[in-house]
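The exercises below are meant to be worked with the sequence and the coordinates open side by side.

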There are 2 protein chains.
Amino acid sequence: MSTSTKFISILGSTGSIGVNALNVVRSYPDHYQIKYLSAHSQADLLIEQAREFLPQAVSIGDATQLIKVKQALPGIEVLQGRTGLLELASRDDVDVMLNALVGSAGMEPTIKSIQAGVDVALSNKESLVMAGDFINGLLEAHGVKLFPVDSEHSAIWQCLTGEAAEDIKRLVITGSGGPFRTLPLESFNNITVAQALKHPNWVMGRKITIDSATMMNKGLEVIEARWLFHLPAEKIDIVVHPQSIIHSMVEFLDGSVKAQLGIPDMKIPIQYALSYPRHLKQDWEQLDLAKIGTLTFEQPDLEKFKCIQLAFDALEQGGSVPVILNVANETAVYRFLDGEIPFNAIPELITKAIDAHEFLEHPNLDDILALEQWTQAFTKRSYRS
Amino acid sequence: MSTSTKFISILGSTGSIGVNALNVVRSYPDHYQIKYLSAHSQADLLIEQAREFLPQAVSIGDATQLIKVKQALPGIEVLQGRTGLLELASRDDVDVMLNALVGSAGMEPTIKSIQAGVDVALSNKESLVMAGDFINGLLEAHGVKLFPVDSEHSAIWQCLTGEAAEDIKRLVITGSGGPFRTLPLESFNNITVAQALKHPNWVMGRKITIDSATMMNKGLEVIEARWLFHLPAEKIDIVVHPQSIIHSMVEFLDGSVKAQLGIPDMKIPIQYALSYPRHLKQDWEQLDLAKIGTLTFEQPDLEKFKCIQLAFDALEQGGSVPVILNVANETAVYRFLDGEIPFNAIPELITKAIDAHEFLEHPNLDDILALEQWTQAFTKRSYRS
């Protein structure tokens, strides 16, 4: 590993991914230096992080906390709101921007960093779900690379190291199946928020945890994989693997399959996105398959988890449909978390929004942002519980 | 894949590995051309292969069949015996020599090919078990590469594609545990030849099938891996995996584990050794984990499978000990197959031979060949059933 220091920007530094990334940076102070941090509303944690890692600038989303952050961090530039976030995303004096933002709000920062010529470690899958084609064009134009942070895409990326893209037969994305894998379909309408937030294996943010419960997360990952690895949907399969030990696989034309495995902990893919192509030593818990004993696999139940099919359909229809899918899902998930709608209403609302929207074959960035606003408004009003 | 034709020599072409390799060559006639074939005693099959693939020369081990082969193959050079085999191994006008010979007899041909500057696709693990250090020196001196054919080593090799050797934490070699994984230790002395020849997953030759039953095969593979991948024994572990779907794994310093999977069929690693670094398209049965359902893992039982510990000890003692281990095992296995000794006598005979031999720290090739002869004689006479 080269000893030259990598300058890192972390957008969304107080979330689960951001905190884990800072743990990695803390353990390799010679390798990484934090240049920018941003937080949505957790000002206290942002202040604590800034005091430890001494970034050049930070941005706080919540306007009411600006004064507090400024006073706590003399000598550090403090920006604010959406403007502050996009300003940090646009700076070109970092080597990697880790996009750990949640949801569709993360899309524009990805685009800004690419336009600034900065490689992006992408935890925000919504960027690619909403604007995959557009982003791939930008990547090529600016000679910029995307490093996946999602455990599934990191697995595929690791399996593809040193391999020829033409030799890929298909990708197999694994998913735990979430907390409702064995729950009968009849009981789906009574699922509570508390039940849906109990993920069997992974400790993650609230939004992605609900996406795991509906399995929309796998659907979004299929779309993300389509753009990250330049493969059509028919070459991307999902297999349910409740133990979350095999994080995904690549099958090659000769029938050989490569898989990446590990304990279910985001630390590994987060560090790999920052250390690629090297594996930096860490004394994390070692995978012990003899102790785990059994790994199981099954087909996903498309009857119970309607979001999976919605995602495959959206990918096939293309154009504006994945934008609507993503934003309607996100809005519906927050309404479910707020107790406004039942669990089953999530795929219903997505279907309604997709059916109601005006299809665009090649949405540009302005179109996508307008579609986002339309979909949020539509999804907020179109279900009364 | 480059369209330039690779010239191939297959030593041991009528065995299980050789026949599979010819299937691969048959499916890619533009990629591969057979230049030399050798067989031990199956003259009819050798003749049939030569008529199809039109090699420049063949060699038949069994002197009594020389005339028959010569008469059947006008226009093809026909060599004979050990001399003929070594002569073919020494020819430098091929790109790859596939060493599909069984047992210690395969070691010298490996050395001859390396000395001729020819890359070796190595199915004969005994070459490295007996002369790993010596062979690694030759490889460097002659700028020659070894391509593993064993499914476990092919798996590790594939997992290491594009990775830095310094990032490896350990190798995990998987093994089915053989037909006696669940048999109580008390019953081991009554194991019959027919029982030992029934491997649960793999269709292989008789010698390696017995090595799977004693699990010496895993021990030999650990020694082979030590030399192929330049890692000490303490970085090589064995895990029992009865379904033989994960063919082996590499753990990296960050806790990330890469595995290669596939249906248990030698076709994949054989082709990969010839097509490396590419995966050539084949319509072989596709791995379907959802259909397989369950993969299990357990620690190997060192009490029941004493050969594993013998192999680790031999690697630690080094010098001449692995030579004795390998030759005593081979001789004992054939005596078991001939009904001369019980199953449990295999590790006993190996231990006796190791204890009785005169230790050499750095055996040269002549030493190894002399040790081979001594061990064969010792192991043949030292057990009366």
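**Exercise 1.** Within what distance do the axes of helix α14 and helix α16 of chain A come, and at roughly what angle do they cross?

*Solution.* This is a predicted model, in which local features need pLDDT of at least 70 and side-chain atom pairs count only at pLDDT 80 or more, while totals for chains, interfaces and linings use all residues. Residues are numbered from 1 along each chain as its sequence is written, chains are lettered from A and ligands numbered from 1 in the order in which they are written, and side-chain values use heavy atoms, with hydrogens and water left out.

Step 1: locate α14 (residues 321–337) and α16 (residues 365–381) in chain A; helices are DSSP runs of H or I with at least four residues, and strands are runs of E with at least two, numbered from the N terminus.

Step 2: the two axes come within 9 Å and cross at roughly 40 degrees, where axes are lines fitted to C-alpha atoms, for helices over the stretch in contact, and angles run from 0 to 180 degrees between N-to-C directions.

Step 3: list the contact (heavy atoms within 4.5 Å), which includes A:Val327, A:Ala328 and A:Thr331 of α14(A) together with A:Leu371, A:Trp374 and A:Thr375 of α16(A).

**Exercise 2.** Is A:Ile350 buried or exposed, and which residues beyond its sequence neighbours does A:Ile350 contact?

*Solution.* Step 1: find A:Ile350 in helix α15 (residues 345–356) of chain A.

Step 1: its relative accessible area is 0%, so A:Ile350 is buried (under 20% relative accessible area, with exposed meaning over 50% and partly exposed in between, for a 1.4 Å probe and protein chains only).

Step 2: once neighbours within four places in sequence are set aside, the contacts of A:Ile350 are A:Met216, A:Cys307, A:Leu310, A:Leu325, A:Ala328 and A:Asn329; A:Ala328 also belongs to the contact of α14(A) with α16(A).

**Exercise 3.** Which rotation superposes chain A on chain B?

*Solution.* Step 1: superpose the copies by least squares on the C-alpha atoms of residues with pLDDT of at least 70 in both; a rotation of 180 degrees, with 0.0 Å of shift along its axis, brings chain A onto chain B at an RMSD of 0.0 Å.

Step 1: this is the relation of a two-fold axis.

Step 2: the residue of chain A that comes closest to the rotation axis is A:Gly162, at 2.1 Å by its C-alpha.

Step 3: the copies meet through the same surface, because 100% of the interface residues of chain A are also interface residues in chain B.
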